[in-house]
Amino acid sequence: MNGAPQMPEPLLSVRGLRVAFGTPRHELVAVDGVDFDVRRGEVLGLAGESGSGKSLTLRAILRLVKPPARISGQVLWRGRDVQRMTEPEVRGVRGGEIAIIFQEPMSALNPVLTVGAQILENLEEHTDLDAAARQARAIELLDLVGIPAAGSRIDDYPHQFSGGMRQRAMIAIALASNPKLLLADEPTTALDVTIQDQILKLILRLRRDLNMSMVLVTHDLGVIAQTCDRLAVMYAGRVVEAGPVADIFAQPRHAYTLGLLNSVPRGGALRQPLSSIAGQPPLLSDRLTGCAFAPRCPFVVPECGAGKPPLTSIAPMHDTACLQHRKVGQR
Amino acid sequence: MSAGPQSAAIMQVDDLHMAFKRPRSTFDRLTGKPMRIVHALNGVSFQVARGETLGIVGESGCGKSTLARCLVRLYEPLAGRIRYDGLDVLKLQGKARREYNRRVQMVFQDPYGSLNPRMTVRQTLAEAISFHRLREGTAVAARVSELLGLVRLPNDAADRYPHEFSGGQRQRIGIARALAVEPDCLIADELVSALDVSVQAQIINLLLELQQKLHLTVLFIAHDLRLIRHISHRVAVMYLGSIVELAETETLFNSPAHPYTEALLKAAPELDPARRSVIDAVRGELPSPLALPVGCPFHPRCPYAMDRCRGERPVLRPRGEKHEAACHLHDGALASAARTGEELAALARQRSSA
């Protein structure tokens, strides 16, 4: 499960994805030209702080961002552009080949339907099973995600489940359609650390057994280190660094990634000041011409203000949008 | 920056108990269902030395926030004793109680919820200063700018409202508000949990610096093990309303004595991608505080649970130098070397009644 599989053909290919709010004259660009690929069987982590556009990117893939937001760019799913599909076509993909789970299972689950009914709904929409087979499959799915006594819990309502069990139920619903790609938006952020551990390991087990690919959005670098094959770091609506998790953790090549990794306390150097990143992330209304991180960057040079640095390849499968990547790499 | 704490305890908490009645619905009342009680704290005891940072860590529902609120008497504990610098805190009245509340200040997780949205930063800070008559007249304004400087906010922040600030800045205002009354102890309840990691580091650095400068004693309550490890001199681990282990930070992280601590450490995702595990750190979920398990509260999830754990509640016992844990597993090992089971049970009874 270590290392990205060497499949050249990406399953999902996102190119120039852009999500903007506001009026055309006063445009607020929340996702600003995001590119990434997800290969078969791999787990891609999308990391960033609040407001970096990571969740919006995930939702935009499935066209879950509604007007007045404007989405543009390309989302190629097995060669077809999701952005150009008709609404019925999108519905076939969304919740079918591509499933999504959210941070708050209580608000994502329907409180007035039993958990069983919500799994059956998905089975009915996306599989050819008959009623009896669907019922059996629903129990099997609940059992698969580790809900004890699945046969008797299937008629429970979401409020009768604990937080961890709700997240398991949501995963069961997502799996009902045998998805090839699972999008997970901070799936463990609302959970306690021992439950988070159980859910992450469950997701990884399912990924292996069902041969799924995954995109995992999280702000927790520990979660990334423990679960992802590749990582894309987002800042102010753009991917600033992307590459294999092991490479980025060993030697970050963007000043922001370096700052982020250094902000997390590790064992040793107790009660010493942490190396924080000065200042605040930019607001959507700030119109930046250069690198969005430049005002907070300790490596800044005048050229950083001259235009948004493009994501460029510096090593096999390792890209960065930092003009100072050599200097950053030496740290 | 490691100003070691002095050994004298400034705060001593003994056998603190707290429970909440759960509201009954009309239906429950009509059908005669009994009142349900949530046991939030079940006999919590610990000491904090002057100038020390004691980390209190645990998952949601373990009682860590209830403990914080009991310590500043936002809740009145059902039983137990809190001593602070010679004072019997739970008996304080009137002026003495206000003075205690000045000396022990709480900083909350959500500064937006704890700051008055209709008051400017200056009004918020000045109110606290004037209430305790710490400054008068023009000295108040001088103190306000001094406080803003202390938490590294620009001077023009004074005349702005809480909603004009970012999360990290609001947390700085929360800290300034607590420091306005010149406390000697801060209780920080999930101080940085709502903040992004880069901003978290800024606030942690500020707290470390202020503690050094103002000789503060800090109770740092959090669920994040990495933060707790970084900032605490000693750490108490709570589970379902009890402290299950208490030790110096590095002892606790390197050689945990309680199976729950061990599970918690294992469950925390490590920052090293080369070290991954595929086995669950601990099975099961937290039992409901409405129906606590008999015996050790952790036994339904514990991989080492024995018969004794299902019947008898373990108490905190010394495990080594400045290290205590509440677990029968190690009691058993110690007992077989020195004492018979009966002697030990008698001893346990003695301890628990003392």
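This briefing covers a nonpolar core, a helix pair and a chain contact. The model is predicted, so local features need pLDDT of at least 70 and side-chain atom pairs count only at pLDDT 80 or more, while totals for chains, interfaces and linings use all residues. Residues are numbered from 1 along each chain as its sequence is written, and chains are lettered from A and ligands numbered from 1 in the order in which they are written.

**Core**
- In the largest nonpolar core, of 190 residues, A:Ala172 and B:Val237 touch the most other members.
- Such a core joins buried Ala, Val, Leu, Ile, Met, Phe, Trp, Tyr and Cys residues through C-beta atoms within 7 Å, buried meaning 20 or more other C-beta atoms within 10 Å, with C-beta atoms placed from the backbone.
- Helix 7 (residues 163-175) of chain A gives the most to this core, eight residues; helices are DSSP runs (H or I) of at least four residues, numbered from the N terminus.

**Helix pair in chain A**
- The axes (lines fitted to C-alpha atoms over the stretch in contact) of helix 4 (residues 115-126) and helix 7 of chain A come within 8 Å and cross at roughly 20 degrees.
- The two helices of chain A, helix 4 and helix 7, are therefore roughly parallel (angles under 35 degrees).
- A:Val115, A:Gln118, A:Ile119 and A:Asn122 of helix 4 meet A:Ala169, A:Ala172 and A:Ile173 of helix 7, contact meaning C-beta atoms within 7 Å.

**Contact between chains**
- Chain B gives 39 residues and chain A gives 36 residues.
- Helix 8 of chain B supplies the largest share of the chain B side, eight residues.

Technical notes. Buried ≥ 20, exposed ≤ 12 C-beta atoms within 10 Å, placed from the backbone. Contact = placed C-beta atoms within 7 Å. Axes fitted to C-alpha atoms, helices over the stretch in contact; angles between N-to-C directions. Parallel < 35°, antiparallel > 145°, perpendicular 65-115°, else oblique.
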